[in-house]
Amino acid sequence: MAKLRIRVFLSPLPRDDGRVKGWQEDWPTPSGVTLTIGKTHLEPTDRNGLTAWECADSEEHDIKVAGLDEFSKALVVHEDGCKEELRGSDARNGIVDILLLPKDDEKRLFRLRTLHADKTPLRDVVVKVAGKSFTSRADGDVYATCRDVDLVEVSPQSLDDDRFVPRDGDFVINRGGRPPRIDTQKIYYEAAPAQISVCPEYNGDPVIGVVFELTRADRLDLPPRRLATDATLTKLVFDDIPKGKVFLAVADTTAATHGSTGQRVTAKPGSDRITADVRAGDDMKLLDQFEFVPLVFRTGRVLHRLGAPLANIEIVARQGDLEVVAITDADGVYDLSQLTAGKWTVGLADSPVDVGGRLLTADEPAEHLVDVTAGDPPTEVPDLVLGEEEHGIRGFVRDQDGQPLKFATVEIRDLGGKVIASRQSGEDGFYEWLSPAPGRFLVSVLSADGEPVQRFPVEVNSFADGSIVYQRRNGHHAPPAPTPPPAPDQNVVDLSTFPILTETVETDGRAPATRDGDRAGSYAQTVESALRDVLGWRPGSNTAGFQAALAGAFELREVQGHTEFDWRPRGYAVQADLGALTGAQASIYQRAKNVLEQITPLLDGLTPLDPAADPQDTEATRTVIRTELGELVDELAVEGGPRVQRVDELFTLLLGARNPRGRLDPDTIGGQLAQLRDRFGLRTTRVGTLDEERIVTNFRIVVDHVLSLAAGWDTDRDLFSGISSQTSLGTILIQLSRSLDVVAQSVQETVFALNTVFVDEAQRQTIQLRLGAGIPRILLSDLLDWVVRVTTREGPRLIQDAGKDGVIAIAPVLGQLAGLVRATETLVTLPRTDPAYDKTLPDGLRTPRVVRALRELAGQLDDTVTLAGAVQRPEPPEIVFVDHAHVRGTTPTVALVGRGFTPHSTAVLVAAGRPDLGETESQQVDTDCLGRALCTFDALPAAAPPGLTWLITLVTEDDIRSNTVEALRT
C-alpha cells in the first residue's frame, strides 16, 4: 500500500494552456479542501494545499471536491495534459498535483485577501468580482473567477450590519492578458464611523443658541468638537465618531432661548451631560436626554475682608449628588441662575483658595443653605467674605485626673530642637499659639524645674490640637505658676479630627515600631537603619551582597604600620546586591585608572625648561592636574554611571574646549595642560639637550594619554546619557534597584497618608477596589502588600537568580501594578456625577493627601517599568529549511520556512567562496504567513558565473541576523 502526498492548487491559466503541467510556486494552494477519491474521504488540505492518500491498488478512481464552493471539478495534472481519474502511478516524486476548476469553467482567477486594519484575517466577507459574489475563507482568502476580460471590477461588501466597511471602497483590477503568476490583492476593513444627533427642546420648542461639545474619552488631549443650534439648524449631528466612550455635554447656554418670545433658558443641573459607549456604525438619536429650564438671575459676590472684590474664585452649589459651579468675574460677581427649585448648599469649591500667593478661607459660616423657589422675586444667593488663613496650635493642659493646670508653660520647638515660642495656659488650662506658616513642630510642657517632658510632634496645616495630659515623673514637681499670659490671639480652628497626625513617624519613611513596644523588634530596626545609612545596603540573607557593600563603603590604607579607613557615604540602593561596574563603564574606568598610574610618575618628574618659571606656580599647576585626574577616575567609578556633565567638565578643565572629531596636538592643547606647558616652558623650541628633550617627550606622553582617554569617553558618552538597550546590564541593575526601593518607600508613605485619614490597616483589609470592567476586584491592603512584596522580595530575588531574564520576567508584573495603582487613583478622583463613582469607599480615600500619594506611587512604578524595559533579549530569526527556490532570467526567488520572521525584514544572498561579488539584498520579503518568508531579489550580480552556490541570511529591522543556509545553485 503506497502513501502518496496530494497537492491541491488553483491555476490562473485556462486548463487548455500548455503551461499547466504542474503546480507553480505562486499559484494558490487552498486549505480546508476535502477530496473523495473513489470511496475514500481524505483529510482536509493544510495551509500548503497538501493532504495524503493511501493507494491500495493501481486502478483509476473518480475525484470529488468539497470545501471550496466556487470550484467543483478536479483534474489530475501530468506533463502531457490533464485527466479526470487518479491512479497511484500518477505520482511524481511522491506527489500528485490536482488542479481545481471553477463551476462555470471561467478562465480568469483572482486571489483576494480580506483583513482587519490590524492585518488579522477576516472571514465570511462577501466580495463581488465582476458582479458575482464570493465569500472569504477562514484565512481571509477569496478565490474569485470570471470570464477572460482585461478590466475586472471588485466591490467589497460591508460586514456585520455595516459596522465594518472596506477602507478603500471599490476598485478595478487590470491584468492585461493572462499572467503566468498570480498576486494577492489585499482588502482592508475598518470600523465604520458612528454619529450622534441631538435635538434640544423646552416645552416642545427647539432651543436656539445652545452649544454642545463632544469629547472622546480615549483622546482627552484633543480639543472637544463644538456645535451650536441656530434659527435654521435645530438638530445637531456629530458624525465621523470612532467607536469607544464619548462625553457629550451642554457647553454654553449664554445665548440659549426658546419660543417666539425668546425667553432665556439654561441646562438643568444633572441633565446637562451624558456618557455614551459608541459602537462602530451607530446612529444614536438623543431626543430627551438633555433638559432645559427657564433662566432666573441669581448672583452673589465674593469679597476680601477689606472690601476688595476677588476674581476667578470657584463657587459650588450642591444638592445631593448634583453640583453647579460658578466662577467670579472681575467685580467678584458669580451667577447661579441655573439652580432649580430646592435646597442648595453654597460655598467655596476648595478651601483654602490661593489668591496671588495668599491662602484665603471663608469667614463663618463657610457654607450657606439656600432654598430656591420658582417665580419672582428670584431667590438671593449669599455674598462670601474671605480672609487670610491662620495656622496654629491650641489645646488644654490637664493633670491625670482631668483637672486643668493653670499657668503651665508650654514650649514649641522646630524639628531641629530650637525653641521658637512658649505659652502659659490660662485658669482653665487653655493655651494657644499662632504659627507664621504650616509645618511640623515639637510641643512639650515644662516641669517645675524647667525640664521639658512629654514632647510630641504636631502637624500644623491651618490648625492643630495640642492638648496635653501632664504626667508627674519621679523627681519632677507640678508646673510652676508664672504670671498669667496675655489674652489669646484670633481664633484658630481645631484640628482634633486628625489626631493621628501627631503620631511619631520614622524619618526614613518606614513604618513605626509596633505599639506593644517589642524591644527585640526595636533593636532590629535600629541595626537595620544603621546598616542602611552606613553601608547603603538592604539587610538580608545575601552574604555576598553584605561583603560587597562593606568593601564599597570603606577605603582601607596602610599608614606607618597600621591600617586606617575612610568612610565613603553611599546613597541607599540595593546596588551592592544587584549591580556592579560592567560593560563600557568598567572599560573606561579601568583605562582611566591605568592612565593615572602611568602618568603620575611622569607628571611628578617634569622640571621647568623656562629658567624664569616660579616654583610655586609650577607646583600649583601640577597639583591641580593631579587632583583633576583623580577626580576623573573617582567619577568614572560611580555606581550607576558617571555624571556626564561632571566628566565633560573635567576633560574641559584638563584639555580646554575641543572638537571630539578633531585631532589635537600637545603644542596647541588648551586647559590646565596648556597652563602646565606654558609655565614649565615645555615646547620643542626650548629643547637644547637630551635631558630637555626627554622632559618634553614625557609631557607629550602625558597629553597623549589624556587625549586617548577623552577619545574613549567621546565614543561611550551616549551610553551614560540615559538608559537604553545599549546601556550595560550592571548600570541598569543599579538604577533599577534604587527605583525598586523608592517604590517600596512610596508604599509606606501611602500607608501613612491613609492612617492620617482614619483608613487604618483593619479597614484597608475590607475595602474592595472596583477598578472597571474586566478587572477583578482587589482589596486595598492586598494591592499595597503586592507592590511591597514585588519590590522588596520577589523582584530583587528574581533579578539576583536570573539576571537579565529576571528583569524581563518582572517587567510585566511591575507594569500591571502601575496600571492597578493608576486605576485606583482614577477611581477615588471620580466626580459624584460619574456612573462609576463608588459610594462605598471611605471619604478619606478621596482626600488630596491620599490622591497625591497614589499618584506618586504610580509614577514611581512607571519609572521602574521604563528602567526594566531597557533590558531586552532579542531572539534572532531562524531558517529551518528552504521550501523552494528558483531563478527566472536573472531574478531569484527563495521561499523560507522557520521561526521568528518579523515584518520589514530583508534578505541577503552571498555566493559561497566568492566574497568579491558582495551581498545581494532582497527587493522585498513577504512574512504575512506565520513561519514562512518569500524573498524576492532584483537580480544576481552580472559578474556572477554559472555553477555557484548561493547562501541566504535573513536580517531583521533591528539588524539582527539569522543563521545562514544554502538557498540555490545557478
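The model is predicted, and its chain of 970 residues, of which 41% count as buried, contains 13 helices and 57 strands. Among contacts between residues at least 6 apart in sequence, 64% join residues at least 24 apart.

**Helix H13**

- Helix H13 covers residues 848-869, which makes 22 residues, and from its first C-alpha to its last it reaches 31 Å, close to the 32 Å expected at 1.5 Å a residue.
- The buried residues of H13 are Val850, Val851, Ala853, Leu854, Leu857, Ala858, Leu861, Thr864, Leu867 and Ala868.

**How H12 and H13 are arranged**

- The axis of helix H12, which spans residues 804-828, comes within 8 Å of the axis of H13, and the two cross at roughly 160 degrees.
- Since angles over 145 degrees count as roughly antiparallel, H12 and H13 are therefore roughly antiparallel to each other.
- The crossing of these two helices, H12 and H13, is left-handed.

**The contact between H12 and H13**

- On the H12 side, the contact with H13 is made by Val807, Ala811, Leu814, Gly815, Leu817, Ala818, Val821, Arg822, Thr824, Glu825 and Val828.
- On the H13 side, the residues that meet H12 are Val851, Leu854, Arg855, Leu857, Ala858, Gly859, Leu861, Asp862, Thr864, Val865 and Ala868.
- Sorted by class, the residues in this contact of H12 with H13 comprise 14 nonpolar, four polar and four charged ones.

Definitions and conventions. Residues are numbered from 1 along each chain as its sequence is written. This is a predicted model: local features need pLDDT of at least 70, side-chain atom pairs count only at pLDDT 80 or more; totals for chains, interfaces and linings use all residues. Side-chain values use heavy atoms; hydrogens and water are left out. Helices (H or I, at least four residues) and strands (E, at least two) are DSSP runs, numbered from the N terminus. The expected span of a helix is 1.5 Å times one less than its number of residues. Buried means under 20% relative accessible area, exposed over 50%, partly exposed in between (1.4 Å probe, protein chains only). Axes are lines fitted to C-alpha atoms, for helices over the stretch in contact, and angles run from 0 to 180 degrees between N-to-C directions. Angles under 35 degrees count as roughly parallel, over 145 as roughly antiparallel, 65 to 115 as roughly perpendicular and the rest as oblique. A crossing is left-handed if the near helix is turned anticlockwise from the far one by less than a right angle, and right-handed if clockwise. Contact means heavy atoms within 4.5 Å. Ala, Val, Leu, Ile, Met, Phe, Trp, Tyr, Cys and Pro count as nonpolar, Asp, Glu, Lys and Arg as charged, and the others, Gly among them, as polar.
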